[in-house]
Amino acid sequence: MIFLLACHPEQTAATPKESAVSTPEVAGPALPELLEAEDLDPDPAILHVSLVASAEGENYHYNGQRPGPLLKAPLHSRLLVDFENQLSVDSTIHWHGIAAPEAMDGAVWLSQPVPASGRFSYEIPLGHAGTFWYHPHVDVAQQVDRGLYGAIVVTDPADPWVDQDRVLVFDANGEVTSQDDHGLLDPQNLQWTINGVVDPVMTVEGGQTVRLRLINVSNLAYLDLSFPEIRQIAGDQGLRGLETPDRLILAPGDRAELELRVSESFEVLQTPFVPAGGATTLPASRIFQVQVTSPAEPPAPKPWPDSQPPTSDPSYTDLHIVFTGDGDQWRINGEAWPDITPLQLPLHQASVIEVRNLSSTNHPFHLHGNSFEVLSLNGIPPALQTVEDTVDVPIDGILRIQLTPSNPGDWMLHCHLLEHEDGGMMTVLQIR
Ligand code: C2O
Ligand code: CU
(Lines give C-alpha, C1' and ligand atoms only; values in the text may rest on other atoms or scores of the structure.)
(Ligands and ions follow the chains in the order given, each with its own letter.)
Protein backbone atom coordinates (compact mmCIF):
# COMPACT_ATOMS: atom_id res chain seq x y z
CA MET A 1 0.00 0.00 0.00
CA ILE A 2 1.66 3.21 1.17
CA PHE A 3 5.16 3.37 2.61
CA LEU A 4 5.72 5.31 5.76
CA LEU A 5 8.32 7.95 5.11
CA ALA A 6 10.99 8.68 7.65
CA CYS A 7 10.28 12.08 9.12
CA HIS A 8 13.86 12.95 10.03
CA PRO A 9 12.97 14.04 13.55
CA GLU A 10 16.69 14.22 14.35
CA GLN A 11 16.95 17.32 12.15
CA THR A 12 14.67 19.43 14.25
CA ALA A 13 14.03 17.67 17.53
CA ALA A 14 15.91 19.37 20.30
CA THR A 15 17.02 16.99 22.99
CA PRO A 16 14.77 17.43 26.00
CA LYS A 17 17.54 18.27 28.45
CA GLU A 18 19.09 21.05 26.38
CA SER A 19 15.97 22.84 25.30
CA ALA A 20 14.40 22.70 28.71
CA VAL A 21 16.87 25.41 29.68
CA SER A 22 17.55 27.21 26.40
CA THR A 23 15.16 28.90 24.03
CA PRO A 24 14.89 26.72 20.93
CA GLU A 25 15.60 28.33 17.61
CA VAL A 26 12.56 29.09 15.56
CA ALA A 27 13.43 28.89 11.89
CA GLY A 28 10.62 30.40 9.88
CA PRO A 29 7.52 32.55 10.17
CA ALA A 30 5.01 31.84 12.91
CA LEU A 31 1.82 30.06 11.94
CA PRO A 32 -0.84 32.80 12.02
CA GLU A 33 -3.93 32.27 14.12
CA LEU A 34 -7.01 32.75 11.90
CA LEU A 35 -8.89 35.93 12.75
CA GLU A 36 -12.48 35.38 13.75
CA ALA A 37 -15.23 37.46 12.23
CA GLU A 38 -16.84 40.04 14.51
CA ASP A 39 -20.13 38.74 15.91
CA LEU A 40 -22.80 41.41 15.43
CA ASP A 41 -25.31 39.63 17.65
CA PRO A 42 -24.82 39.31 21.44
CA ASP A 43 -27.04 36.20 21.53
CA PRO A 44 -24.61 33.25 21.97
CA ALA A 45 -26.94 31.09 19.89
CA ILE A 46 -26.46 33.37 16.87
CA LEU A 47 -23.27 34.13 14.98
CA HIS A 48 -24.06 37.15 12.82
CA VAL A 49 -21.22 38.32 10.60
CA SER A 50 -20.68 40.46 7.57
CA LEU A 51 -18.57 39.12 4.71
CA VAL A 52 -17.47 41.48 1.96
CA ALA A 53 -15.82 40.06 -1.16
CA SER A 54 -13.52 42.56 -2.81
CA ALA A 55 -10.66 42.63 -5.29
CA GLU A 56 -7.19 44.09 -4.95
CA GLY A 57 -5.47 43.65 -8.28
CA GLU A 58 -5.48 39.94 -9.13
CA ASN A 59 -6.37 38.93 -5.59
CA TYR A 60 -9.80 38.53 -4.05
CA HIS A 61 -10.53 38.62 -0.34
CA TYR A 62 -13.31 38.29 2.19
CA ASN A 63 -13.06 41.27 4.56
CA GLY A 64 -9.58 41.98 3.21
CA GLN A 65 -8.23 38.68 4.60
CA ARG A 66 -6.88 35.51 3.03
CA PRO A 67 -8.04 33.09 4.35
CA GLY A 68 -11.31 34.90 5.04
CA PRO A 69 -12.49 35.27 8.65
CA LEU A 70 -12.86 32.12 10.72
CA LEU A 71 -16.54 31.48 11.48
CA LYS A 72 -16.67 29.65 14.80
CA ALA A 73 -19.93 28.84 16.52
CA PRO A 74 -21.40 26.20 18.82
CA LEU A 75 -23.52 23.31 17.67
CA HIS A 76 -27.23 24.16 17.27
CA SER A 77 -26.55 27.87 16.87
CA ARG A 78 -27.51 29.86 13.77
CA LEU A 79 -25.13 31.45 11.32
CA LEU A 80 -26.30 34.72 9.76
CA VAL A 81 -24.09 36.18 7.06
CA ASP A 82 -24.66 39.54 5.39
CA PHE A 83 -22.77 39.07 2.14
CA GLU A 84 -21.79 42.02 0.03
CA ASN A 85 -20.27 41.44 -3.39
CA GLN A 86 -17.85 44.27 -4.17
CA LEU A 87 -16.27 42.32 -7.05
CA SER A 88 -17.00 43.34 -10.63
CA VAL A 89 -18.33 39.83 -11.32
CA ASP A 90 -21.11 37.56 -9.97
CA SER A 91 -20.39 35.54 -6.85
CA THR A 92 -22.08 33.49 -4.09
CA ILE A 93 -21.05 31.77 -0.89
CA HIS A 94 -21.35 28.01 -0.53
CA TRP A 95 -20.97 26.36 2.91
CA HIS A 96 -18.95 23.28 2.06
CA GLY A 97 -19.96 20.29 4.19
CA ILE A 98 -22.82 22.03 6.00
CA ALA A 99 -26.40 20.87 5.48
CA ALA A 100 -27.73 24.33 4.62
CA PRO A 101 -31.28 24.77 3.34
CA GLU A 102 -31.31 24.66 -0.47
CA ALA A 103 -31.98 28.39 -0.94
CA MET A 104 -28.97 29.23 1.28
CA ASP A 105 -26.53 26.81 -0.36
CA GLY A 106 -24.93 29.31 -2.73
CA ALA A 107 -25.29 27.02 -5.74
CA VAL A 108 -26.41 28.64 -8.95
CA TRP A 109 -28.99 26.14 -10.11
CA LEU A 110 -32.43 27.21 -8.95
CA SER A 111 -31.23 30.50 -7.50
CA GLN A 112 -29.41 33.44 -9.03
CA PRO A 113 -25.86 34.51 -8.23
CA VAL A 114 -25.22 37.67 -6.23
CA PRO A 115 -24.35 40.27 -8.90
CA ALA A 116 -21.58 42.84 -8.69
CA SER A 117 -22.52 45.38 -6.00
CA GLY A 118 -25.28 42.99 -4.86
CA ARG A 119 -26.05 41.74 -1.37
CA PHE A 120 -27.52 38.56 0.02
CA SER A 121 -28.26 37.44 3.58
CA TYR A 122 -27.58 33.80 4.32
CA GLU A 123 -29.17 32.08 7.31
CA ILE A 124 -27.92 28.62 8.17
CA PRO A 125 -28.74 26.37 11.13
CA LEU A 126 -25.58 24.66 12.40
CA GLY A 127 -26.89 21.18 13.14
CA HIS A 128 -23.64 19.24 13.02
CA ALA A 129 -20.27 19.77 14.71
CA GLY A 130 -17.10 19.60 12.65
CA THR A 131 -14.69 21.45 10.38
CA PHE A 132 -16.13 22.99 7.24
CA TRP A 133 -15.31 25.83 4.85
CA TYR A 134 -16.88 28.44 2.62
CA HIS A 135 -16.18 29.52 -0.93
CA PRO A 136 -17.99 30.92 -3.99
CA HIS A 137 -19.93 28.63 -6.33
CA VAL A 138 -19.62 30.75 -9.48
CA ASP A 139 -16.52 30.60 -11.69
CA VAL A 140 -15.17 28.58 -8.80
CA ALA A 141 -11.62 27.82 -9.96
CA GLN A 142 -10.84 31.49 -10.55
CA GLN A 143 -12.53 32.85 -7.47
CA VAL A 144 -11.14 30.31 -5.00
CA ASP A 145 -7.62 30.49 -6.44
CA ARG A 146 -7.69 34.27 -6.21
CA GLY A 147 -8.38 33.98 -2.49
CA LEU A 148 -12.08 33.57 -1.70
CA TYR A 149 -12.25 30.93 1.01
CA GLY A 150 -12.50 30.67 4.78
CA ALA A 151 -12.86 28.10 7.55
CA ILE A 152 -15.95 27.23 9.58
CA VAL A 153 -15.72 25.43 12.92
CA VAL A 154 -18.85 24.17 14.63
CA THR A 155 -17.89 23.26 18.18
CA ASP A 156 -19.54 20.69 20.40
CA PRO A 157 -19.36 21.62 24.11
CA ALA A 158 -19.43 17.88 24.90
CA ASP A 159 -16.06 17.29 23.18
CA PRO A 160 -12.99 16.59 25.34
CA TRP A 161 -11.20 19.74 26.47
CA VAL A 162 -7.92 20.52 24.69
CA ASP A 163 -5.21 23.13 25.40
CA GLN A 164 -5.36 24.54 21.88
CA ASP A 165 -7.77 24.19 18.99
CA ARG A 166 -6.09 25.33 15.76
CA VAL A 167 -7.32 25.56 12.18
CA LEU A 168 -4.80 25.02 9.36
CA VAL A 169 -5.99 26.12 5.94
CA PHE A 170 -3.74 24.64 3.22
CA ASP A 171 -3.66 26.28 -0.20
CA ALA A 172 -1.36 25.71 -3.17
CA ASN A 173 -0.56 29.13 -4.60
CA GLY A 174 -1.26 30.33 -8.09
CA GLU A 175 -2.92 27.26 -9.55
CA VAL A 176 -5.08 29.07 -12.08
CA THR A 177 -2.56 31.73 -12.96
CA SER A 178 0.23 29.16 -13.41
CA GLN A 179 0.44 27.28 -16.73
CA ASP A 180 -1.08 24.06 -15.50
CA ASP A 181 -2.81 21.54 -17.69
CA HIS A 182 -6.02 20.71 -15.88
CA GLY A 183 -5.05 18.30 -13.19
CA LEU A 184 -1.61 17.32 -14.39
CA LEU A 185 0.15 20.29 -12.84
CA ASP A 186 3.61 19.59 -11.54
CA PRO A 187 3.29 18.70 -7.86
CA GLN A 188 6.97 19.45 -7.28
CA ASN A 189 6.58 23.09 -8.23
CA LEU A 190 3.62 23.76 -5.97
CA GLN A 191 4.10 26.31 -3.26
CA TRP A 192 1.88 25.51 -0.30
CA THR A 193 0.72 28.09 2.20
CA ILE A 194 -0.83 27.40 5.59
CA ASN A 195 -3.06 30.22 6.84
CA GLY A 196 -1.38 32.31 4.14
CA VAL A 197 2.24 31.57 5.14
CA VAL A 198 4.86 29.30 3.50
CA ASP A 199 6.56 26.72 5.77
CA PRO A 200 5.28 28.17 9.06
CA VAL A 201 6.25 27.21 12.57
CA MET A 202 3.61 26.36 15.14
CA THR A 203 5.01 26.91 18.62
CA VAL A 204 3.52 24.86 21.45
CA GLU A 205 4.39 23.85 24.97
CA GLY A 206 5.41 20.28 25.66
CA GLY A 207 2.75 18.26 27.48
CA GLN A 208 -0.13 20.06 25.76
CA THR A 209 -2.85 18.55 23.64
CA VAL A 210 -3.65 20.38 20.42
CA ARG A 211 -6.64 19.69 18.21
CA LEU A 212 -5.58 20.40 14.65
CA ARG A 213 -8.23 20.98 12.01
CA LEU A 214 -6.81 20.65 8.51
CA ILE A 215 -8.60 21.94 5.40
CA ASN A 216 -7.34 21.61 1.82
CA VAL A 217 -8.77 24.56 -0.15
CA SER A 218 -6.54 24.22 -3.20
CA ASN A 219 -8.00 23.87 -6.70
CA LEU A 220 -6.19 20.74 -7.82
CA ALA A 221 -3.38 19.98 -5.39
CA TYR A 222 -3.50 17.03 -3.01
CA LEU A 223 -1.89 16.92 0.40
CA ASP A 224 0.04 13.77 1.28
CA LEU A 225 1.34 14.50 4.77
CA SER A 226 3.68 12.50 6.98
CA PHE A 227 3.80 13.15 10.71
CA PRO A 228 5.92 11.27 13.25
CA GLU A 229 2.66 9.91 14.56
CA ILE A 230 -0.79 10.77 13.31
CA ARG A 231 -3.80 10.31 15.52
CA GLN A 232 -6.77 11.19 13.37
CA ILE A 233 -9.96 11.89 15.31
CA ALA A 234 -12.24 13.23 12.58
CA GLY A 235 -12.80 13.38 8.86
CA ASP A 236 -15.18 15.67 6.95
CA GLN A 237 -18.15 15.37 9.28
CA GLY A 238 -16.79 15.53 12.82
CA LEU A 239 -15.45 13.11 15.41
CA ARG A 240 -15.49 9.45 14.46
CA GLY A 241 -13.08 7.63 16.80
CA LEU A 242 -9.35 7.25 16.63
CA GLU A 243 -7.23 6.08 13.71
CA THR A 244 -3.46 6.15 13.37
CA PRO A 245 -2.73 6.20 9.63
CA ASP A 246 0.85 6.30 8.30
CA ARG A 247 0.04 9.14 5.95
CA LEU A 248 -2.75 11.64 5.67
CA ILE A 249 -3.96 12.29 2.14
CA LEU A 250 -6.36 15.20 1.73
CA ALA A 251 -7.92 15.85 -1.67
CA PRO A 252 -9.07 19.37 -2.57
CA GLY A 253 -12.13 20.15 -0.43
CA ASP A 254 -11.27 17.49 2.18
CA ARG A 255 -10.81 17.99 5.92
CA ALA A 256 -9.33 15.98 8.77
CA GLU A 257 -8.82 16.57 12.47
CA LEU A 258 -5.83 15.36 14.45
CA GLU A 259 -5.05 15.02 18.12
CA LEU A 260 -1.51 16.18 18.73
CA ARG A 261 -0.07 15.13 22.11
CA VAL A 262 2.92 17.40 22.17
CA SER A 263 6.23 16.05 23.34
CA GLU A 264 9.14 17.15 21.13
CA SER A 265 9.65 19.34 18.08
CA PHE A 266 9.05 17.75 14.68
CA GLU A 267 8.45 18.58 11.08
CA VAL A 268 5.56 17.64 8.85
CA LEU A 269 6.48 16.55 5.33
CA GLN A 270 4.54 16.77 2.11
CA THR A 271 5.14 14.13 -0.55
CA PRO A 272 4.17 15.23 -4.07
CA PHE A 273 0.91 13.58 -5.14
CA VAL A 274 -0.31 13.67 -8.71
CA PRO A 275 -4.02 13.64 -9.55
CA ALA A 276 -3.06 11.62 -12.65
CA GLY A 277 -1.52 8.74 -10.75
CA GLY A 278 -1.80 9.28 -7.00
CA ALA A 279 0.90 8.92 -4.35
CA THR A 280 4.45 9.27 -5.65
CA THR A 281 7.92 8.27 -4.55
CA LEU A 282 9.18 11.80 -5.27
CA PRO A 283 11.19 13.35 -2.44
CA ALA A 284 9.13 14.81 0.40
CA SER A 285 9.69 18.33 1.64
CA ARG A 286 8.80 20.18 4.80
CA ILE A 287 5.41 21.91 4.80
CA PHE A 288 5.36 23.05 8.44
CA GLN A 289 7.13 22.61 11.74
CA VAL A 290 5.95 22.12 15.26
CA GLN A 291 8.38 23.78 17.63
CA VAL A 292 8.10 22.68 21.25
CA THR A 293 9.23 25.28 23.76
CA SER A 294 9.81 22.86 26.64
CA PRO A 295 9.86 19.20 25.60
CA ALA A 296 7.96 16.93 27.98
CA GLU A 297 6.32 13.56 28.18
CA PRO A 298 3.30 13.43 25.87
CA PRO A 299 0.05 14.04 27.76
CA ALA A 300 -2.47 11.24 28.26
CA PRO A 301 -4.81 10.66 25.32
CA LYS A 302 -8.17 12.44 25.51
CA PRO A 303 -11.41 10.45 25.80
CA TRP A 304 -12.58 10.90 22.19
CA PRO A 305 -15.83 9.12 21.38
CA ASP A 306 -15.51 5.47 20.35
CA SER A 307 -15.66 4.58 16.71
CA GLN A 308 -18.56 2.65 15.26
CA PRO A 309 -18.20 -0.22 12.81
CA PRO A 310 -19.02 0.66 9.21
CA THR A 311 -22.41 -0.31 7.82
CA SER A 312 -22.09 -3.47 5.77
CA ASP A 313 -22.72 -3.11 2.08
CA PRO A 314 -26.26 -4.23 1.21
CA SER A 315 -24.79 -4.97 -2.27
CA TYR A 316 -27.52 -3.40 -4.35
CA THR A 317 -27.02 -0.09 -6.13
CA ASP A 318 -29.67 2.62 -6.45
CA LEU A 319 -27.65 5.14 -8.40
CA HIS A 320 -24.63 4.81 -10.68
CA ILE A 321 -22.24 7.70 -11.21
CA VAL A 322 -19.52 7.42 -13.82
CA PHE A 323 -16.66 9.91 -14.16
CA THR A 324 -15.11 10.17 -17.61
CA GLY A 325 -13.02 12.67 -19.50
CA ASP A 326 -9.68 14.20 -20.11
CA GLY A 327 -8.41 17.67 -20.95
CA ASP A 328 -11.37 20.07 -21.06
CA GLN A 329 -14.11 17.45 -21.36
CA TRP A 330 -15.08 16.25 -17.93
CA ARG A 331 -18.35 14.37 -17.63
CA ILE A 332 -20.66 12.63 -15.20
CA ASN A 333 -22.68 9.82 -16.77
CA GLY A 334 -21.70 11.15 -20.18
CA GLU A 335 -23.11 14.64 -19.53
CA ALA A 336 -21.29 17.93 -19.07
CA TRP A 337 -22.68 20.74 -16.91
CA PRO A 338 -24.97 22.59 -17.53
CA ASP A 339 -26.51 20.17 -20.05
CA ILE A 340 -27.43 17.59 -17.45
CA THR A 341 -30.37 15.38 -16.53
CA PRO A 342 -30.94 15.65 -12.75
CA LEU A 343 -30.49 12.44 -10.77
CA GLN A 344 -33.09 11.53 -8.16
CA LEU A 345 -33.25 9.76 -4.81
CA PRO A 346 -35.97 9.61 -2.15
CA LEU A 347 -35.81 11.54 1.13
CA HIS A 348 -35.23 9.55 4.37
CA GLN A 349 -34.48 6.30 2.58
CA ALA A 350 -31.14 4.51 2.65
CA SER A 351 -29.82 4.48 -0.91
CA VAL A 352 -26.57 3.10 -2.24
CA ILE A 353 -24.57 5.13 -4.78
CA GLU A 354 -21.70 3.62 -6.73
CA VAL A 355 -19.14 6.01 -8.20
CA ARG A 356 -16.81 4.68 -10.90
CA ASN A 357 -13.85 6.59 -12.19
CA LEU A 358 -13.14 5.62 -15.79
CA SER A 359 -10.97 8.64 -16.53
CA SER A 360 -7.27 9.39 -16.46
CA THR A 361 -7.07 11.30 -13.15
CA ASN A 362 -8.39 11.03 -9.62
CA HIS A 363 -11.58 12.96 -8.80
CA PRO A 364 -12.76 14.02 -5.32
CA PHE A 365 -16.50 13.21 -5.29
CA HIS A 366 -18.46 15.92 -3.44
CA LEU A 367 -22.16 16.21 -2.62
CA HIS A 368 -23.96 19.27 -1.26
CA GLY A 369 -26.70 19.33 1.36
CA ASN A 370 -26.37 15.80 2.75
CA SER A 371 -23.43 13.76 4.00
CA PHE A 372 -22.99 10.05 3.35
CA GLU A 373 -21.27 6.98 4.77
CA VAL A 374 -18.46 5.27 2.87
CA LEU A 375 -19.27 1.56 2.40
CA SER A 376 -16.11 0.68 0.48
CA LEU A 377 -13.41 1.90 -1.86
CA ASN A 378 -12.28 -0.69 -4.40
CA GLY A 379 -14.09 -3.34 -2.41
CA ILE A 380 -12.39 -2.52 0.89
CA PRO A 381 -14.61 -1.16 3.68
CA PRO A 382 -13.16 1.57 5.92
CA ALA A 383 -11.77 0.53 9.31
CA LEU A 384 -14.51 2.50 11.07
CA GLN A 385 -17.74 4.28 10.28
CA THR A 386 -16.76 7.18 8.05
CA VAL A 387 -19.21 9.99 7.33
CA GLU A 388 -18.01 12.32 4.59
CA ASP A 389 -19.03 14.89 2.03
CA THR A 390 -15.83 14.74 -0.09
CA VAL A 391 -14.08 11.47 -1.00
CA ASP A 392 -11.31 10.99 -3.52
CA VAL A 393 -11.96 8.35 -6.18
CA PRO A 394 -8.70 7.11 -7.72
CA ILE A 395 -8.26 6.15 -11.38
CA ASP A 396 -10.24 2.95 -12.06
CA GLY A 397 -11.64 3.28 -8.53
CA ILE A 398 -15.06 2.18 -7.37
CA LEU A 399 -16.47 4.08 -4.41
CA ARG A 400 -19.65 2.77 -2.77
CA ILE A 401 -21.53 5.04 -0.38
CA GLN A 402 -24.77 4.97 1.53
CA LEU A 403 -26.88 8.10 1.60
CA THR A 404 -29.91 8.47 3.85
CA PRO A 405 -30.89 12.04 2.97
CA SER A 406 -32.66 14.19 5.51
CA ASN A 407 -32.25 17.50 3.68
CA PRO A 408 -34.60 17.80 0.70
CA GLY A 409 -33.68 19.85 -2.35
CA ASP A 410 -31.74 19.98 -5.57
CA TRP A 411 -28.10 19.38 -4.62
CA MET A 412 -24.95 19.87 -6.63
CA LEU A 413 -22.88 16.73 -7.04
CA HIS A 414 -19.45 17.28 -8.56
CA CYS A 415 -15.74 16.69 -8.70
CA HIS A 416 -13.90 19.05 -6.33
CA LEU A 417 -10.95 19.55 -8.64
CA LEU A 418 -12.22 23.01 -9.48
CA GLU A 419 -11.05 23.02 -13.10
CA HIS A 420 -12.98 19.77 -13.61
CA GLU A 421 -16.08 21.21 -11.94
CA ASP A 422 -15.90 24.27 -14.20
CA GLY A 423 -15.10 21.94 -17.11
CA GLY A 424 -18.41 20.09 -16.81
CA MET A 425 -17.97 17.47 -14.09
CA MET A 426 -21.02 18.54 -12.12
CA THR A 427 -24.64 17.43 -11.98
CA VAL A 428 -27.69 17.73 -9.71
CA LEU A 429 -29.11 15.18 -7.28
CA GLN A 430 -32.78 15.87 -6.51
CA ILE A 431 -33.94 14.64 -3.13
CA ARG A 432 -37.69 14.60 -2.59
CU1 C2O B 1 -16.74 23.00 -1.99
CU2 C2O B 1 -19.80 22.47 -4.65
O3 C2O B 1 -18.26 22.72 -3.34
CU1 CU C 1 -12.23 15.74 -11.38
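**Copper site, ring pairs and one asparagine**

His363 is buried, and so is His420. Buried here means under 20% relative accessible area, with exposed over 50% and partly exposed in between, using a 1.4 Å probe and protein chains only.

A word on the source. This is a predicted model, in which local features need pLDDT of at least 70, side-chain atom pairs count only at pLDDT 80 or more, and totals for chains, interfaces and linings use all residues. Residues are numbered from 1 along each chain as its sequence is written, chains are lettered from A and ligands numbered from 1 in the order in which they are written, and side-chain values use heavy atoms, with hydrogens and water left out.

Now the copper ion, ligand 2. Which protein atoms are its donors? They are ND1 of His363, SG of Cys415 and ND1 of His420, at 1.9 to 2.0 Å. Donors are N, O and S atoms within 2.8 Å of the metal (3.2 Å for Na, K and Ca); water is not among the atoms, so sites may look incomplete. The spacing in sequence is H-x51-C-x4-H. His363 sits in strand 26 (residues 363–367) and His420 in helix 4 (residues 418–422), so this pair ties together parts 57 residues apart in sequence. Helices (H or I, at least four residues) and strands (E, at least two) are DSSP runs, numbered from the N terminus.

Next, the aromatics. The structure holds 10 aromatic pairs. Rings of Phe, Tyr and Trp (its six-membered ring) pair if their centres lie within 6.5 Å; planes under 30 degrees apart are stacked, over 60 edge-to-face, the rest tilted.

Take Tyr62 and Tyr134. That pair is tilted, 5.3 Å centre to centre, with 55 degrees between the planes. Tyr62 is in strand 2 (residues 59–62) and Tyr134 in strand 7 (residues 130–135), so the pair ties together parts 72 residues apart in sequence. Tyr62 is buried at 0% relative accessible area. Tyr134 is buried too, at 0%.

Trp95 and Tyr122 pair edge-to-face: 5.3 Å between centres, 75 degrees between planes. Trp95 lies in strand 5 (residues 94–96) and Tyr122 in strand 6 (residues 119–125), 27 residues apart. Both Trp95 and Tyr122 are buried.

Last, Asn407. Where does Asn407 lie? In the loop between strand 30 (398–403) and strand 31 (409–415). Asn407 is buried, at 12% relative accessible area. Leaving out residues up to four places away in sequence, Asn407 touches Ala99, Ala100, Leu347, Gly369, Asn370 and Ile431. Touching means heavy atoms within 4.5 Å. A polar atom of the Asn407 side chain lies 3.0 Å from the backbone oxygen of Gly369.

Definitions and conventions
A polar contact is a pair of N or O atoms within 3.5 Å; within protein, one must be able to donate a hydrogen and the other to accept it, and residues adjacent in sequence count only if both atoms are side-chain atoms.
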